[in-house]
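Subject: Structure handover, charged side chains

Hello,

Here is the structure for you to look through. My notes on its charged side chains follow below it.

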Amino acid sequence: MRKLRPGASALQMPILSVCGGLRSCSSRPALAAAWLGKFDELNSLAEEGRHADAIAIFHDIRALVPDKKWTMLWNTVLKAYANAGDLDGATSWFDGMLSQGVVANAKTFGKLVEASAKAGRPDVAERWLGALAEMPGAGGMLGEVPCNAVVDACSKVGEAERAEAWMARMHDLRLAPSSATFGALLGGWARRGDAAAAHEGSYSALIGVFAQRGDAAGARHWLQRMEESAVTPSVIAFSRAVDACAKAGQADQAEAVFEDMLRRRLRPTVISYTSLIDAFAKAGRSALAVEWLERMLAATVQPDVASFNAAMSGCARIGDSAGISRCLSSMTASRLAPDIVSYNIAIDGCTQSGDVAGAIGYLRALASAGERPDVVSFTAVISGCARAGDPEQAAHWLGELVREGLKVDAICINSVIDSFAKAGKMDKAVSWIRNMRDMSIEPEESTFNTAISGFAARGEMASAADWLQRLRDAGLRPNLRSHNAMLNGHARLGRPADAVAWLEVMAKDDVAPDVVSFNSLLKAFSKVGDMEQATTWLRYMRRVGVVPNVISYTTLVGLAGKSADAAAAEAWIEEMKSYGLAPDAVTFTAWISAYARVGDAEGAMEVVLRHMVDARVRPSLEAWTAAISACAKAGPRRREEAELLLREMVRSKVAPNHFTHKALETSLGSARREALCRDLGLGRPVAERTAG
C-alpha cells in the first residue's frame, strides 16, 4: 500500500481513502483490463489540457491500475496541467505524487519544464531542467522536448540571448531544436526590436542543426533560403554548411560552399578549414586534404592540432607514411606539439603501408615526447607485426602493453594467436590461448577457429577436431569458418571421403555449405585425380543454389591438366565463360600445363600468346615456364618456339627462374641457352650461382 507522507495536501486526501483496496482490485484480471480503455480517454484529455476532466477519470481508475503503471498514470494528469500552461496546478500535482510515494522519472520533470515554459516562467523551467539533469543516470534524459520548451519560454518573455544560449547548449548535447523553437527565437528577437539578429542568428542556428545531423542538403537549402530572404550569410552560417557536407561525406560540395565563402571575402575560421580537410581525408583523397592544409597556412589561418590530424588521417587511410611525416614536420614548424592522436594516426598509417619499423619508431617517439602510449597505439603496432608475418615481434609488443598496465582485449591477443597460427607455430598459438584465461579474457569463437584452421592446415586433423570440441565445450556453436577449416584440412590430405562425410556434420550443426566448402571438396577429388566425382559435385553445387566461382572451375581445369587432357581443360574454360566468369592467370596456366604434359608446343603457345592476350590476362612466371616446358617435351624439341617465348617473357618484364632455365636448357642446349641469356641481359639463375 502507498502511504501518505507527512504534510499531504487536501488534494491527495480523497485519493488515500481507496488506496487500501489497490492490490486486491488490481489482482482481478477483468478489473485490471478495464482501466486501459479509460486510460486512453484520460490521455486524450491530457493532450487537450483538460486537467479537471482528466482528474475525474484518474479517480475512476486509480484503484485498478497496476503498481508498475502508477508513475505513468500520475504523469498523464501532469501532462494535462503542462499542456494547459498551469504551472501552479502542475507543481501541486507533483507534490501529491511525492506524498503518495510515487517515483518521479524523466518524463515527470519534462512535463514540469513544459508547464513552466508555457506559463512564461523560463527561470522555473531552468530549475526543473536542472533537477532532471541531477537525477541518477540522467545522461540521456536532457531530451529535445524539455530543452525546446526552455528555449520557447525564454523567447516568449523576450530573453533572446538566454534562448540562444540554450540553443547553443542543445547543439553541444547533440539535440535538434524544432521548427517551432526557431520560430519562438525569431519572435524573441523581434520583441527586442532586433530583426537582423533574429534572421541571421536563427538561420545560422538552423543550418547548425542540419550540420549536426550530417544533412548536407538541408544545410545548403537553408543557406540558400537565407539569401533569398535578403539575409547575408555569416562565416558561421557558411562554416556550418561546410561541416554538414563534410559529415555527409560530400567533400566536393563542402569545397564548393567553402569557395563561395572565399568569393564573398569572408575569412574562414580554423573550424571551417578543418571540416574541409577532414572531408577530403575521409573520402580517401589525401592529396586534396594536404593541399587545403597548405592553403590554410598560406592564408595565415593558424591550424590547430585537429587540422593536422585530419590531414594525416587522410594519408594514413592510403598508407602514405611519407605524407604523414611531412604533416608532422609542418606541425612542429607551426609550433604545435603532436598529441597522442597524432602519433596513433602515424602508427596506423605506417602499419597500413607495411612499414612496421616506422610504426615502432613513432611508438617510441610518442613515449619520448612524454606521452603515454595507449591501447590504440599498441594495438596498431601489434596488428602491423601480425600482418607482416612476424608473430614474435607482435608478441613482444603485446608484452609491452601488459607491462604498461593497460587493459588487454581479445583483439590484441587474437592478432598474435592468428599470426603464430599462420606461421605454423601452433605450440605458441596454443600457449597464448591459454594465457587469455590468465588475463581474465575468455577465448572467442574466432580464437577457437584460428586454432582449428591452424592445425587443419598442418594436416593435424585430430588436434583440429579437439579444438572444435573445445569450442563446443565453451558453449559456442561451430560456424561456417569452423567447418570450412575442417573441410580444407581433409582436402589438403587428399581425403575426399572424409570431406564428404563432414558435410553431414555441418548439416547437424545447421550450417549450410558455401562456395568455399564445395571448393574444398573439389580440391579433395582433384588430389586423387577423380574427375568424375569432381564433376558430379560441381553440378550438385548449382542444384543446391551455390554458384561455382573461378576457383571452382580452375580446380577442374587443373585436374584436366594433370590428366594431360587439354580438350577437357578448354571445355571447362568455355563453360565458366558461358556463366560470365573470366579465367585468371592460374586458370590459363592449368590449361597450358595440359599441353605441356604431352609436349604440345603449338597448343601451349596459342594459350599464352593468343588466349591470354585476348582475355587481357598477363601471363605469370608459371605460365611462361609451362609453355617453354611444352617446347622441351615436344618431339623433336621446339627450339625456335622456346626462344620466342623467352623473348616475349623478358619483354613483358617477367624474370625466368631456375625451372624456366632447366626447360630452356632441355629445349636449346646449354650453350645456346647461355648465349641467349647473355643477349637478353639475363644473369645466371640463383641455383646455378649457388652451385658454382
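The model is a predicted one. Arg638 forms a salt bridge with Glu641, with 2.9 Å between the closest N and O atoms.

Helix α37 (residues 639-651) contains Arg647, whose partner Asp679 is in helix α39 (residues 670-679). The side chains of Arg647 and Asp679 meet in a salt bridge at 3.5 Å, N to O. This pair links distant parts of the chain, the two residues being 32 residues apart. Arg647 is partly exposed at 34% relative accessible area, while Asp679 is exposed at 52%.

A further pair lies within helix α37: Arg651 and Glu648 are three residues apart there, about one turn of the helix. Their salt bridge has its closest N and O atoms 2.8 Å apart. Arg651 counts as exposed, with 64% relative accessibility, and Glu648 as partly exposed, with 22%.

Elsewhere, a network of salt bridges links Glu48, Arg50 and Asp53. The structure holds 29 salt bridges.

Which residues form a positive surface patch? They are Arg492, Lys527, Lys562, Arg597 and Lys633. One of them, Lys562, lies in helix α32 (residues 550-562).

Regards

Note on methods. Residues are numbered from 1 along each chain as its sequence is written. This is a predicted model: local features need pLDDT of at least 70, side-chain atom pairs count only at pLDDT 80 or more; totals for chains, interfaces and linings use all residues. Side-chain values use heavy atoms; hydrogens and water are left out. Patches are made of residues with over 30% relative accessible area and no salt bridge: like charges are joined within 9 Å, nonpolar side chains (Val, Leu, Ile, Met, Phe, Trp, Tyr) within 5 Å. Accessible areas come from the Shrake-Rupley method with a 1.4 Å probe; for residues, only the protein chains shown count as cover. A salt bridge is a side-chain nitrogen of Lys or Arg within 4 Å of a carboxyl oxygen of Asp or Glu. Lys and Arg count as positive and Asp and Glu as negative; His and the chain ends are not counted. The place of a charge is taken as NZ of Lys, CZ of Arg, CG of Asp or CD of Glu. Helices (H or I, at least four residues) and strands (E, at least two) are DSSP runs, numbered from the N terminus. Buried means under 20% relative accessible area, exposed over 50%, partly exposed in between (1.4 Å probe, protein chains only).
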